[in-house]
Amino acid sequence: MKHQFSPKRLIQKALQNEILITTFFSITCFISIFPTLAPITILLLSLNIIFIRRHLIASITFIAVAMINFIFFLCVLNPQTNQDYKELTKIGFHPNFKDCTISDLNYYSKKIEKYKEHLGDFPYSLGHLALDDKKILVTPDLSYIVSNNNGDITYADYYYERISSTKYYLSAVGPDGIPKTLDDILPCISKDEIKKTGLIKFSIRKDSIELQTKKLLQE
């Protein structure tokens, strides 16, 4: 005799399986420590208390844990996250990304110098920068946000100008957001590179200055 499939019968059998119940309960209790998942824990454990009535003391305990975590998330973590995001995406200069910007400028200046070695001239724009038939991907300057339209963020571009076949200017716009001003962020080069570089403005690496000072002291 064949038994007809009954969802109610299946649920009853599942509820009688202690291993299944314990596993599900353990997973539910575990996710209670994650603030964003706390409402799920509260709902499931509340249903357990009302209908299944297993592990009641533990259910009440983990409901309390989930509620504390969720309240902490709503009152402390979430506002702080939102504030950090607003600070991170506000229009203007972001000094925390200055080192990253300098690192990018150093990378592009080296590629520009190699371009000159290969082709005998500097590129007319960063968009023309390519070596061995491979175009160099130029990323935006993360230290300066030009606009933010509901999360659609536009960063400033690095400023590049070919002055002549032997000279060029490369920088980030800096705090004022305007290229070719006193607060521009410049590539860093060593003292040994000064005579070889085509950069018309640059800063000297600190480690290069320290090394030069040590050499002078040793002499």
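Colleague: Which way does H3 cross H4, left-handed or right-handed?
Modeller: H3 passes H4 in a left-handed crossing (near helix turned anticlockwise from the far one by less than a right angle). Helices here are DSSP runs of H or I, at least four residues. It's a predicted model, with local features needing pLDDT of at least 70 and side-chain atom pairs 80 or more, while totals for chains, interfaces and linings use all residues. Numbering runs from 1 along each chain, and side-chain values use heavy atoms, without hydrogens or water.

Colleague: What's the angle between H3 and H4, and how far apart are their axes?
Modeller: About 155°, with the axes 9 Å apart, for H3 (residues 38–52) packing on H4 (residues 56–88). That makes the two helices roughly antiparallel (over 145 degrees).

Colleague: Which residues make the contact?
Modeller: On the H3 side, Ala 38, Pro 39, Thr 41, Ile 42, Leu 45, Ser 46, Asn 48 and Ile 49. H4 brings in residues including Leu 56, Ile 60, Phe 62, Ile 63, Met 67 and Phe 70. Contact is heavy atoms within 4.5 Å.

Colleague: Switching topic, where does Thr 28 lie?
Modeller: In helix H2, which covers residues 18–30.

Colleague: Why does Thr 28 count as buried?
Modeller: Because its relative accessibility is 3%, and buried means under 20% (1.4 Å probe, protein chains only).

Colleague: What is Thr 28 in contact with, beyond four places in sequence?
Modeller: Thr 41, Leu 44 and Leu 45. Thr 28 and Thr 41 sit 13 residues apart in sequence, with 5.7 Å from C-alpha to C-alpha.

Colleague: Which backbone oxygen does the Thr 28 side chain reach?
Modeller: That of Phe 24, at 2.7 Å.

Conventions: Axes fitted to C-alpha atoms, helices over the stretch in contact; angles between N-to-C directions. Parallel < 35°, antiparallel > 145°, perpendicular 65-115°, else oblique. Buried < 20%, exposed > 50% of the residue type's maximum accessible area, 1.4 Å probe, protein only. Polar contact = N/O pair within 3.5 Å; in protein donor to acceptor, adjacent residues only side chain to side chain.
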